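Notes follow in the order I made them.

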Amino acid sequence: MLDIAVIAATSPQGRSGANVSRWFLGQAGRRADLRLDVIDLNRIPLPPFHPGRPPSETDPATRELAARIGAADGFVVITPEYNHAYPAVLKLAVDAVRREWAAKPAGFVSYGGQSGGLRAVEQLRLVFAELHVVSLRDTVSFHRVEGRFDEDGEPLDPAGVNGAAKVLLDQLIWWGTALREAREARPYSL
Ligand SMILES: Cc1cc2nc3c(=O)[nH]c(=O)nc-3n(C[C@H](O)[C@H](O)[C@H](O)COP(=O)(O)O)c2cc1C
């Protein structure tokens with residue numbers, strides 16, 4: 001059993017992001033080998049933003065987030081793309097935590113307009129490399145997301161996206177298990 005934090009940066013107003021999150025949590029929730037902790041960044045207290053310095057480690061919101069990231073064996077980030085980047089709330093959360101990210105895998109579920117959030121994901125790979133996170137090759141991406149779900153919020157191409165989610169989750173379990181065993185055998189030093 002792996003503990004996976006699903007970190008959602010979806011807009012609380014947008015319907016598309018809610019559809020993506022609900023669908024992915026349905027897919028991941030079916031896996032008997034995963035225990036999910038859903039961290040909805042627009043619904044939890046986050047550390048206050050101070051220009052020019054990282055969030056305080058003693059802030060209660062930072063401590064809570066660090067505890068949840070630290071308890072996870074791996075991560076899935078669900079993100080939209082705005083102006084070729086991922087949302088600021090996600091950068092704030094990523095920067096609030098440091099050593100708790102290290103030596104764990106992260107997969108990405110993205111959505112957007114033409115690019116399907118892929119540029120946001122490529123930026124996240126650079127940021128997570130700095131935090132010693134292993135980013136998974138395969139992603140799930142929803143291009144022109146507003147037309148990818150029916151009025152009940154179900155994907156119009158379930159075979160395609162469910163298959164992509166399976167690939168991502170299989171890779172996450174492989175890396176999550178391997179890295180957990182490695183951390184237990186030899187603590188990772190930063
Ligand atoms: C100001 C703005 C900028 C956007 N920039 C991009 C972009 O660079 N690439 C892309 O694929 N989609 C872009 N989009 C489309 C959004 O990713 C899409 O509307 C998505 O559903 C927004 O997610 P949300 O509803 O969870 O906030 C943009 C939308 C807005 C309103």
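**Ligand site**

I started at the ligand: a polar side-chain atom of Tyr82 lies 2.2 Å from one of the ligand's oxygen atoms. I am working from a predicted model, where local features need pLDDT of at least 70, side-chain atom pairs count only at pLDDT 80 or more, and totals for chains, interfaces and linings use all residues. Residues are numbered from 1 along each chain as its sequence is written, and side-chain values use heavy atoms, with hydrogens and water left out.

A polar backbone atom of Asn83 is 2.9 Å from a nitrogen atom of the ligand. For His84, a polar backbone atom is 2.9 Å from an oxygen atom of the ligand. I count a polar contact as a pair of N or O atoms within 3.5 Å. On its own the ligand has 640 Å² of accessible area, and the protein covers 69% of that (Shrake-Rupley method, 1.4 Å probe).

**Pockets**

Next I went to the grid search. I noted the terms: on a 1 Å grid over the protein atoms alone, a pocket is an open set of points with protein on both sides within 12 Å along at least five of seven lines, a cavity is a set where a 1.4 Å probe fits but cannot get out, and lining residues have an atom within 4 Å of a point. A volume is the space filled by probe spheres set on the points.

The largest pocket holds about 280 Å³ of space. Its lining has 17 residues, and Glu57, Asp95, Ala96, Val97 and Arg98 are closest to its centre. Helices H2 (60-71), H3 (88-96) and H4 (118-130) each give at least two lining residues (helices are DSSP runs of H or I, at least four residues). H3 gives the largest share, four residues. I sorted this lining into eight nonpolar, one polar and eight charged.

The second largest pocket holds about 150 Å³. Its lining includes Pro48, Phe49, His50, Arg53 and Lys91.

**Cavity and rings**

How many cavities of 30 Å³ or more does the structure hold? I found one. The largest cavity has a volume of about 40 Å³. Ile7, Leu41, Leu65, Ile69, Leu90, Ala93 and Trp101 line this cavity. H2 and H3 are the elements that give two or more of these residues. The lining is seven nonpolar, no polar and no charged.

Last, I looked up the rings. The structure holds seven aromatic pairs (ring centres within 6.5 Å). Trp23, Phe24, Phe142 and Phe149 form one aromatic cluster.

Note on methods
Polar contact = N/O pair within 3.5 Å; in protein donor to acceptor, adjacent residues only side chain to side chain. Nonpolar A, V, L, I, M, F, W, Y, C, P; charged D, E, K, R; others polar. Phe/Tyr/Trp six-rings, centres within 6.5 Å; stacked < 30°, edge-to-face > 60°.
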